[in-house]
Amino acid sequence: FAALDGKRMVSVRATDKMGNVSPIIRTFVKMDTRAPQCKSDISGSSFRNANAVCITPETKIVLSAFDDASGVSAIEYQINEEKPIKYSKPVQITTEGLFILKYWGFDNVQNRSDAQSLTIMVDNTPPEIVETFGIANRNAKAPIRVPQSTQLFLAAQDNASGVAGIWYSINKGREQKCEGTLRFDAVGDYTLQIRSKDNVGNTTKKTISFVVE
């Protein structure tokens, strides 16, 4: 029926039982057999991986639709198996976890588009920083004491959007990105400020102090 879309002229006349014929009346109608086209956009922190779009609770999901014939009447959406909701403002999902967002549109003659789906991972937890010295601590109590040339391994783990990076500063010096292991050859007291963030901007900080002997 898509070939019928567009402006069409309709001619009508009537004949009664006595054979009287009315004048022809002509009018124009616009045929619309196509459903709206819908799309989604992400406003705010997000990261797309192979399986889902990772967002934060503050991120907004903006739905829109376009129909060049009768116009868009409404957009509806559904989160997991919840009841469908009429779209009126950007969608925010504030609970951490994995969600399936489905959405579809109606035009003004009630053509409905097929449902589209978006897999959403809401991530509100920053990475966990893990530090490991390449040699056992000489002292069972604080402060940590290690010998010269000890290596320090910095790592972070994030189970949702993934780790974007780790940064550190030594004794309030310039912050720099950790590209591997750190080695401490000079004797002295050290304080490391460590920062890590995930791919949607959740950030965690950690401070460790130790003595190189």
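**Exercise 1. Describe the open sheet that contains β11, β13 and β16.**

Solution. Three strands make up this open sheet, in the order β11-β13-β16, with antiparallel pairing. Strands are DSSP E runs of at least two residues, numbered from the N terminus, and two of them pair if DSSP finds at least two bridges between them. The model is a predicted one, in which local features need pLDDT of at least 70 and side-chain atom pairs count only at pLDDT 80 or more, while totals for chains, interfaces and linings use all residues. Residues are numbered from 1 along each chain as its sequence is written, and side-chain values use heavy atoms, leaving out hydrogens and water.

Next, take the edges: β11 and β16 (182-184) each have a single partner strand, so one side of each has no neighbour in the sheet. Finally, β13 (residues 150-157) pairs with β16 over 3 bridges in the antiparallel sense, and Thr-150 stands opposite Phe-184 in β16.

**Exercise 2. Classify the aromatic pair of Phe-133 and Phe-210, then that of Phe-184 and Tyr-190.**

Solution. Rings of Phe, Tyr and Trp (its six-membered ring) pair if their centres lie within 6.5 Å; planes under 30 degrees apart are stacked, over 60 edge-to-face, and the rest tilted. The count by this rule is 5 aromatic pairs.

Step one: the ring centres of Phe-133 and Phe-210 are 5.1 Å apart with planes at 75°, so this pair is edge-to-face. Phe-133 lies in strand β11 (residues 128-133) and Phe-210 in strand β18 (residues 203-212), 77 residues apart.

Step two: Phe-184 and Tyr-190 are also edge-to-face, at 5.0 Å centre to centre and 65° between the planes.

Step three: check burial (buried is under 20% relative accessible area, exposed over 50%, partly exposed in between, with a 1.4 Å probe and protein chains only). Phe-133 is buried at 17%, Phe-210 at 2%, Phe-184 at 5% and Tyr-190 at 12%. These residues, Phe-133, Phe-184, Tyr-190 and Phe-210, form one aromatic cluster.

**Exercise 3. Which residues have the most contacts inside the largest nonpolar core?**

Solution. A nonpolar core is a set of buried Ala, Val, Leu, Ile, Met, Phe, Trp, Tyr and Cys residues joined through side-chain atoms within 4.5 Å. The largest has 17 residues, and those with the most contacts inside it are Ile-61, Leu-63, Tyr-77, Ile-79, Val-91, Ile-93 and Ile-120. Another core of 16 residues lies apart from it, including Ile-129, Phe-133, Tyr-168 and Leu-192.

Note on methods: Helix = DSSP H or I, 4+ residues; strand = E, 2+ residues; numbered from the N terminus.
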